[in-house]
Amino acid sequence: MAPLLEVDQIEVFYGRVQALRGVSLSVEEGEVVTLIGSNGAGKTTTLRTISGLIKPASGTIKLAGEVISGLPAPTIVARGIGHSPEGRHVFARMTVRNNLELGAYLRKDKEIHKDMDRVFTYFPRLKEREGQLAGTLSGGEQQMLAMGRAMMTRPKVLLLDEPSLGLSPVLVETIFEVIDELHKAGTTILLIEQNALLALRTASRGYVMETGVVVKTDNAAALLESDDVKRAYLGI
Ligand code: ATP
């Protein structure tokens with residue numbers, strides 16, 4: 001069977017600067033896959049290209065066997081890519097509830113409220129703050145909201161960009177427990193995470209990126225044991 005998400009040889013430029021050079025990766029249904037690499041390696045650019053926020057100069061991206069690269073971003077969301085972006089980007093002047101509802105704005109089914117309850121089960125803190133303006137939430141709560149909003153799109157593939165960035169150890173633990181729960185519930189996840197140890201313990205496979213290129217890919221357990229990875233990303 002074809003992978004659920006298939007990125008094939010994408011090339012991306014910012015003006016004349018090339019950010020991605022023939023990046024290929026795949027994610028099978030139900031898998032958690034991580035993308036690790038130092039700052040500026042191209043991880044965020046890869047996720048933004050998958051969700052249609054950036055158009056690749058060449059290469060193709062397929063979701064469930066159908067080409068999605070080149071489609072407008074809202075169409076890509078509707079097809080099943082949910083993106084929790086780096087830096088969170090919640091709507092500061094809207095309430096928690098309105099932010100979550102916005103995640104579902106392209107949906108026409110009747111299960112939106114059920115999914116909102118599910119988000120509140122994962123993140124009880126959001127339930128407590130549902131009427132509060134998102135801009136007044138703490139960093140950790142905004143991160144939960146960004147993830148919750150992406151979950152509200154009912155994605156086939158959930159893209160998580162640095163979900164633990166800037167959070168306290170307790171909140172990082174909460175976020176990763178939710179990622180584990182989502183995985184157990186069958187959600188397919190592509191995760192970027194600065195904490196490579198945490199990422200490789202959570203994912204089943206990983207891709208290592210350096211300056212716009214995938215330089216290594218393997219099972220997470222093998223990457224954890226790899227000397228290059230230990231030296232460059234695990235500080236061992
Ligand atoms: P980080 O963890 O710092 O976000 P990253 O691996 O996600 O790193 P990207 O943010 O994808 O890396 O950046 C890849 C390259 O593209 C870098 O050289 C970066 O400077 C460049 N870049 C990113 N965004 C832009 C932009 N809007 N305009 C120009 N260059 C950019």
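1. The ligand is surrounded by Tyr 14, Ala 19, Ser 38, Asn 39, Gly 40, Ala 41, Gly 42, Lys 43, Thr 44, Thr 45, Glu 86 and Glu 162 (a residue is near a molecule if one of its heavy atoms lies within 4 Å of it). The model is predicted: local features need pLDDT of at least 70, side-chain atom pairs count only at pLDDT 80 or more, and totals for chains, interfaces and linings use all residues. Residues are numbered from 1 along each chain as its sequence is written, and side-chain values use heavy atoms, with hydrogens and water left out.

2. By class, the shell around the ligand has three nonpolar, six polar and three charged residues (Ala, Val, Leu, Ile, Met, Phe, Trp, Tyr, Cys and Pro count as nonpolar, Asp, Glu, Lys and Arg as charged, and the others, Gly among them, as polar). Helix 1 (residues 43–50) contributes the most to this shell, with three residues; helices (H or I, at least four residues) and strands (E, at least two) are DSSP runs, numbered from the N terminus.

3. A backbone N or O atom of Gly 40 lies 2.7 Å from a ligand oxygen atom, and a polar backbone atom of Thr 44 is 2.7 Å from an oxygen atom of the ligand. For Asn 39, a polar side-chain atom lies 3.5 Å from a ligand oxygen atom. The protein covers 59% of the 630 Å² of accessible area that the ligand has on its own (Shrake-Rupley method, 1.4 Å probe).

4. The largest pocket holds about 520 Å³ of space. A pocket is an open set of points on a 1 Å grid over the protein atoms alone, where a 1.4 Å probe fits, with protein on both sides within 12 Å along at least five of seven lines; lining residues have an atom within 4 Å of a point. Of its 19 lining residues, Leu 53, Val 77, His 83, Tyr 105 and Arg 149 lie nearest the centre. By class, the lining has 11 nonpolar, six polar and two charged residues.

5. Four strands form an open sheet in the order 2-1-4-5, with antiparallel pairing (two strands pair if DSSP finds at least two bridges between them). The edge strands, strand 2 (17–27) and strand 5 (66–67), each pair on one side only. Strand 1 (residues 5–14) is joined to strand 2 by eight bridges, and Phe 13 stands opposite Gln 18 in strand 2.

6. Strand 9 (residues 205–210) and strand 10 (residues 213–219) pair in the antiparallel sense over six bridges. Tyr 207 has Thr 217 in strand 10 as its bridge partner. Their hairpin has two residues between the strands, and Thr 211 takes a positive phi near 35 degrees there.

Methods:
Points joined across faces, edges and corners; volume = space filled by probe spheres on them. Polar contact = N/O pair within 3.5 Å; in protein donor to acceptor, adjacent residues only side chain to side chain.
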